[in-house]
Amino acid sequence: MSIFSAKLETLEDLFQHELKDLYSAENQLVKALPQMAAAAKDGRLRAGIEKHLKETQNQVARLEKIGKLLDIALDGETCKAMEGLVKEGQKTLSENATDEVMDAAIIAASQRIEHYEISGYGTAAHYADRLGYAEAAQLLRQTLDEEQLTDTKLNDLAKNYINQKAMH
């Protein structure tokens, strides 16, 4: 049984599928990020997650702009990968851990999500380029840049501060 509802025959079909997948993923994150922010004990981590929530809401709007621009209905798909990553993150939040270890775990879960998004946006931007959708490609790269920067900030926070606190 195919994971796709319709046969994907062209790069255009695959591009539209990628956009729908990203749209579902981002909407799932809009719901999940407030829980992660609430569980974060470190103020810098919490502020970073709250900032990324606002970015994520803007990313949803960007995808909607692309959908309108290209006349693509984005709903109807469920990103199973993000569903799994969010579920795993929620399981992490329910663990019995010290505040410092919980913050380190939240960063790890967040980075798994960021890496998934980086892959998806990089692929979608490349497809948009190949298909001649310059404006869509530019919007997708804008989100890709935000996701990469978020990952870098999470990495820096973990390496330079949170992980050291979690050792004690």
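This is a predicted model: local features need pLDDT of at least 70, side-chain atom pairs count only at pLDDT 80 or more; totals for chains, interfaces and linings use all residues.
The largest nonpolar core holds 24 residues. Those that touch the most other members are Leu 29, Leu 33, Leu 45, Ile 49, Met 82, Ile 106 and Ile 107. At least two residues of this core come from each of five helices, namely α1 (11–39), α2 (43–70), α3 (80–93), α4 (99–131) and α5 (134–166). Helix α1 gives the largest share, with seven residues. The surroundings of Ile 106 were examined with residues up to four places away in sequence left out of the count. On that basis, Ile 106 touches Met 36, Ala 39, Ala 40, Leu 45, Ile 49 and Leu 93. Another core, of 19 residues, lies apart from the largest one. Among its members are Phe 15, Ile 66, Ala 124 and Leu 144.

Eight salt bridges were counted in the model. In one of them, Arg 62 pairs with Glu 146, and the closest N and O atoms are 3.0 Å apart. Because Arg 62 belongs to helix α2 and Glu 146 to helix α5, this pair ties together parts that are 84 residues apart in sequence. Arg 62 has a relative accessible area of 11% and is therefore buried, the limit for that class being under 20%. Glu 146 has a relative accessibility of 17%, so Glu 146 also counts as buried.

Glu 83 and Lys 80 meet through their side chains, with an N to O distance of 3.6 Å. Glu 83 is partly exposed at 32% relative accessibility, whereas Lys 80, with a relative accessible area of 58%, is exposed.

The side chains of Glu 88 and Arg 112 also form a salt bridge, with an N to O distance of 3.2 Å. Glu 88 is partly exposed, with a relative accessible area of 40%.

Ala 61 is located in helix α2. Its relative accessibility is 40%, so Ala 61 counts as partly exposed. The C-alpha atom of Ala 61 is separated by 10.0 Å from that of Glu 26, and the two residues are 35 residues apart along the chain.

Note on methods
Residues are numbered from 1 along each chain as its sequence is written. Side-chain values use heavy atoms; hydrogens and water are left out. A nonpolar core is a set of buried Ala, Val, Leu, Ile, Met, Phe, Trp, Tyr and Cys residues joined through side-chain atoms within 4.5 Å. Buried means under 20% relative accessible area, exposed over 50%, partly exposed in between (1.4 Å probe, protein chains only). Helices (H or I, at least four residues) and strands (E, at least two) are DSSP runs, numbered from the N terminus. Contact means heavy atoms within 4.5 Å. A salt bridge is a side-chain nitrogen of Lys or Arg within 4 Å of a carboxyl oxygen of Asp or Glu.
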